[in-house]
Amino acid sequence: MSLATICISITIFCYLAVVVVIGIRCSRVNKSTDDFYLGGRKLGPYVTAMSAEASDMSSWLLMGLPGVAYLTGVADAAWTAIGLAVGTYVNWLIVARRLRNYSQVAGNASTIPLFFSNRFRDDKKIISVIAACVIIIFFVPYTASGFAACGKLFSTLFGMDYTMAMLLSAVVIIAYTALGGFLAASTTDFVQSIVMTIAIVVVISFGIFQVGGWDNVMENAKSMAGYFALNATYNTETGSASPYGILTIVSTFAWGLGYFGMPHILLRFMAIEDADKLKVSRRVASIWVVISMGVSIFIGVVGNAMSKHGVIEVLKDPETIIITIAQLISKHGVLAAVVAGVILAGILAATMSTADSQLLAASSSVSQNIIKEVMVKNLSEKASMVIARVTLVVIAVIAVFIARKPDSSVFGIVSFAWAGFGAAFGPVMLFALFWRRTNKYGALAGMLSGGVMVFIWKFIVRPIGGVLNVYELLPAFIVASIFIVAVSSLTKEPTKEMIDEFEKVKAM
């Protein structure tokens, strides 16, 4: 093992040790399941902002986005990033404060499914159970994709057996999440966002220096037809530009709709200690998202220039661009190897920050919304905490089983899961917060129709192609919204108690 590899290994090991220590420290403040799943609503504005965005971005920020830009240019990556940036800002602007207040007023709900049931006075918890099932269906394989990403990273870097590498990563994530719960996940996500930021800044600075300056980067980009345009992409096979039409732009931009239904992001809104500080959180989150995604896209552009200038080889897998640059940095001495370790820890951080939040959301759906609310209602607080932790471990084991093979197709479900949550929960959340006429029948119809339409559009309609070839989130979101309005309008109005509660939250 080379000196550079040893330095990288030590750096990553130290990082993993830090997140486990955070989990241990946070475990001391978890006195109840509300603490475990919502941190006792004690998050500060900066932790709220950065943990929400770190849990959102996953390894897509440091691998997927630069990889797309490296291969085909800025259009696809940029329109996706623009949609996500707009979605992030609007979510913080219109949803965050009202959800924080409404979730507390409506029975002090600690999970998204429980908020829906409390908001619509669903005493039988039908909405809560169905919402919990949606979370389990989409989040368990989503978590598995995070475990798989960590395993592939370690396997690629150190030549480890994939299964052992994946298990090691999973054990660390399970350890700090099971010990410290939501507070540990949020605190580590805050740390991980810092590591991710350091990683992208160092990588792009080093890459530009290696190519000989920004002018050389731009000259390379402009030499390829459509590479640096927003209405075209670079076709690597023909060397020509391929049109990037309005339909494709709208479809890609629609990714931003997903934010309104992401449980692991919405929970951050519910957990902030002071709703008045959400404005600070919104500014911090929005600025970080725009800068981080912009830099990540240009890492792909810089990486392409590095390949053309012979600094690195042309990559067979463009998503490894940051790993390749980090390995190049590590060859410049001990300090550089430590920096490379931080960069690679950033990729690990991006994956872990999403996996821990998904794991918590999935486990809370089982332990709180199904076991505690429906099956065994009179659980003691101590028993509830035990069930919460055991459920988390069991779900993690299932995710590990799904991710056991390196050629697993779990990565393909990421965009599908995003669409599933966005369509099943997004419209229901917006109408629950902003339309007083919404009732439990409309909410249930919207949740079911949105979730089902994602499957129908993905596997039946979209393969037809042509104008129907749009991201399944957009049509499913529209269908769910129509069902909410139609069913709510055709069924009985909400009670006076519900209307009064709605107006109380509106006035807060």
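User: Which residue of strand 2 is the bridge partner of T233?

Analyst: Happy to start there. This is a predicted model, in which local features need pLDDT of at least 70, side-chain atom pairs count only at pLDDT 80 or more, and totals for chains, interfaces and linings use all residues. Residues are numbered from 1 along each chain as its sequence is written, and side-chain values use heavy atoms, with hydrogens and water left out. Strand 1 (residues 232-235) runs antiparallel to strand 2 (residues 240-243), with four bridges pairing them, and the partner of T233 in strand 2 is S242.

User: How are helices and strands assigned here, and which residue in the hairpin turn has a positive phi?

Analyst: Both are DSSP runs numbered from the N terminus, helices being H or I with at least four residues and strands E with at least two. Two strands pair if DSSP finds at least two bridges between them. Strands 1 and 2 make a hairpin with four residues between them, and the turn residue with a positive phi, about 75°, is G239.

User: Which residues other than glycine have a positive phi?

Analyst: One of them sits in the loop between helix 5 and helix 6 (112-119), and another in the loop between helix 6 and helix 7 (126-158). The phi values are about 50° for N108 and near 55° for R121.

User: Is R121 buried or exposed, or partly exposed, and with which residue does R121 form a salt bridge at 3.0 Å?

Analyst: Buried means under 20% relative accessible area, exposed over 50%, and partly exposed in between (1.4 Å probe, protein chains only). R121 has 22%, so R121 counts as partly exposed. A salt bridge here is a side-chain nitrogen of Lys or Arg within 4 Å of a carboxyl oxygen of Asp or Glu, and with its closest N and O atoms 3.0 Å apart, the partner of R121 is E501.

User: How many residues apart are E501 and R121?

Analyst: E501 forms its salt bridge with R121. That pair links distant parts of the chain, with E501 in helix 20 (residues 496-507) and R121 in the loop between helix 6 and helix 7. E501 is buried, at 10% relative accessible area, and a network of salt bridges joins R121, E497 and E501. The separation of E501 and R121 is 380 residues.

User: Why are D500 and K496 separated by about one helical turn?

Analyst: These two form a salt bridge, their closest N and O atoms being 2.7 Å apart. D500 is partly exposed at 39%, while K496 is exposed at 63%. They are about one turn apart because both lie in helix 20 and their spacing is four residues.

User: Which parts does the salt bridge of D276 and R97 tie together?

Analyst: The two side chains meet at 3.2 Å, N to O. D276 lies in the loop between helix 11 (263-271) and helix 12, and R97 in helix 5, so the bridge ties together parts 179 residues apart in sequence. D276 is exposed at 55%, and R97 is partly exposed at 33%. The parts tied together are thus the loop between helix 11 and helix 12, and helix 5.

User: What covers the buried residues of helix 4?

Analyst: In helix 4 (residues 64-72), the buried residues include L65, P66 and Y70. After the helix comes G73, with a positive phi near 100°. Among what covers the buried residues are helix 5 (74-105), helix 12 (278-308) and helix 13 (321-329).

User: Which residues does A326 contact beyond its sequence neighbours?

Analyst: A326 is in helix 13 and is buried, with a relative accessible area of 0%. Contact means heavy atoms within 4.5 Å. Leaving aside neighbours within four places in sequence, A326 touches A340, I343 and L344.

User: And what about S251 in helix 10: which residues is S251 in contact with?

Analyst: S251 belongs to helix 10 (residues 246-253) and is buried at 7% relative accessible area. Setting aside neighbours within four places in sequence, its contacts are V470 and Y471.

User: How many disulfides does the structure hold?

Analyst: A disulfide is taken as a pair of cysteine sulfur atoms within 2.5 Å, and the structure holds zero of them. C14, for instance, is in none, the nearest cysteine sulfur being that of C7 at 11 Å. The count of disulfides is zero.
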